[in-house]
Amino acid sequence: RDAQPAALGHIVFYIQGQGTLQFEDGQTYWNDPVSLFGPGMAHAEFDIEGPFEDFGIAMSPLGFVALTGKPATAYADRMVDAAELFGTGITEMALRFQKARQKGEITVREMVEQVTAYLVPFIRPVPDSHIALIQVVSQWISSEFDPDVEAVFAQIDKSRSTATRLIRHYFGASPKQLMRKYRALRAATVLCDPEAPPELRTKVESLFYDQPHMIREIRHFTGRTPGALDSDDTKILRVWLSKDNFRQLEAYPG
């Protein structure tokens, strides 16, 4: 039992073990052999009966839409059977992986290669202007721990309503929601990082109105209070929050 922080969209193959994923609104999902969930705007709680092994693929905002052909908002904080989007072939692949892993007959690299070969034909073209917008938003999120929402609109050559609609389409949330999400996630990442210098910890604490505000925001997006992030029941959560998991975005701006 642990928490999954608000994250990118994922495709997850459940190789061994089964259980549930419950989102903040109370919706609870049993895992299918392979599931897809969209970008999260709140934490989710999972309860898995082990032994447990899964194999997952994270999707960037561009990747999610290009691969699924669907708006990210339609799958935000929601999990579905991946076969709904990619056909029964992906379920058959997941079942093959389960059997092969139990027998020690397939490596992670081989699973990566097979999944890649299966999913590449699903990729759809995305307009260049949309790719440029995604890059602008990603750079904006990476610019500061709490970037100014007005600054991103100033960089996009579209009306405010159109820009907001497109950002929600790819990122699953409005700019203000994205700012809150990544401010809280970065703060949690700093607090989980034993190598973070004291001045950086002080800086992230200053991002919030007061300590109760920081606690509420971090708990909303990670599922745990700052004081509980280093407890024994958050071992998997700390993996999710590792600064190494920030790829397109800067973990510690500046």
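## Helix α1 and its surroundings

A helix is taken here as a DSSP run of H or I with at least four residues, and helices are numbered from the N terminus. In these terms, helix α1 is followed by G69, a residue with a positive phi near 75°. The model described in this report is predicted.

Helix α1 is mostly covered, since six of its eight residues are buried. The buried positions in α1 are P61, F64, V65, A66, L67 and T68. These buried residues pack against the strands β2, β4 (34-37) and β5, and against the helices α2 (83-86), α4 (108-119) and α7.

## Helix α5

Helix α5 spans residues 128-143 and contains 16 residues. The distance from its first C-alpha to its last is 23 Å, close to the 22 Å expected at 1.5 Å a residue.

The buried residues of α5 are H130, L133, I134, V136, V137, S138, W140, I141 and S142. Their packing partners are the helices α1 (61-68), α6 (149-154), α7 (160-171) and α8 (175-192).

## Aromatic and charged contacts

Eight aromatic pairs are present in the structure. One of them joins F13 and F55 in a tilted arrangement, with 5.6 Å between the ring centres and 50° between the planes. Because F13 belongs to strand β2 (residues 9-23) and F55 to strand β5 (residues 44-59), the pair ties together parts that lie 42 residues apart in sequence. A pair of aromatic rings is described by two quantities, the distance of the centres and the angle of the planes.

F13 has a relative accessible area of 0% and is therefore buried. F55, at 8% relative accessibility, also counts as buried, because the cut-off for burial is under 20% relative accessible area. F13 and F55 are linked with F97 into a cluster by ring pairs. A contact of another kind involves R160, whose charged end sits over the ring of F153 at 4.1 Å from the ring centre.

## The largest pocket

Rolling a probe the size of a water molecule over the atoms shows where empty space is left. The largest pocket holds about 1000 Å³ of space. It is lined by 42 residues, of which A7, H10, A58, W240 and N245 are the closest to its centre.

At least two lining residues of the largest pocket come from each of β2, β5, α5, α8 and α11 (235-240). Strand β5 gives the most to this lining, with nine residues.

## Cavities

Two cavities of 30 Å³ or more are found in the structure. The volume of the largest cavity is about 80 Å³. Thirteen residues line the largest cavity, and those closest to its centre are L8, P39, P61, Y170 and F171. P61 is also among the buried residues of α1.

Helices α1, α7 and α8 each supply at least two residues of the lining of the largest cavity. The most, three residues, is given by α8.

## Backbone features

Most residues other than glycine have a negative phi, and most peptide bonds are trans. D77 is not a glycine, yet its phi is positive, at about 55°. D77 is located in the loop between α1 and β6 (79-81). With a relative accessibility of 21%, D77 counts as partly exposed, because this class lies between the 20% limit for burial and the 50% limit for exposure.

The peptide bond from G50 to P51 is cis, and its omega is near 0°. P51 itself is placed in strand β5, the strand that also contains F55.

H220 is part of helix α10 (residues 211-222). Although H220 and M41 are 179 residues apart in sequence, their C-alpha atoms are 8.7 Å apart in space. Not counting residues up to four places away in sequence, H220 touches E24, M41, A42, H43 and R180.

S174 occupies the loop between α7 and α8. Its relative accessible area is 16%, so S174 is buried. Apart from neighbours within four places in sequence, S174 is in contact with T164 and R168.

Key: Residues are numbered from 1 along each chain as its sequence is written. This is a predicted model: local features need pLDDT of at least 70, side-chain atom pairs count only at pLDDT 80 or more; totals for chains, interfaces and linings use all residues. Side-chain values use heavy atoms; hydrogens and water are left out. The expected span of a helix is 1.5 Å times one less than its number of residues. Buried means under 20% relative accessible area, exposed over 50%, partly exposed in between (1.4 Å probe, protein chains only). Contact means heavy atoms within 4.5 Å. Rings of Phe, Tyr and Trp (its six-membered ring) pair if their centres lie within 6.5 Å; planes under 30 degrees apart count as stacked, over 60 as edge-to-face and the rest as tilted. A charge sits over a ring if NZ of Lys or CZ of Arg is within 6 Å of the ring centre and within 35 degrees of the ring normal. On a 1 Å grid over the protein atoms alone, a cavity is a set of points where a 1.4 Å probe fits but cannot get out, and a pocket is an open set with protein on both sides within 12 Å along at least five of seven lines; lining residues have an atom within 4 Å of a point. Grid points are joined across faces, edges and corners, and a volume is the space filled by probe spheres set on the points.
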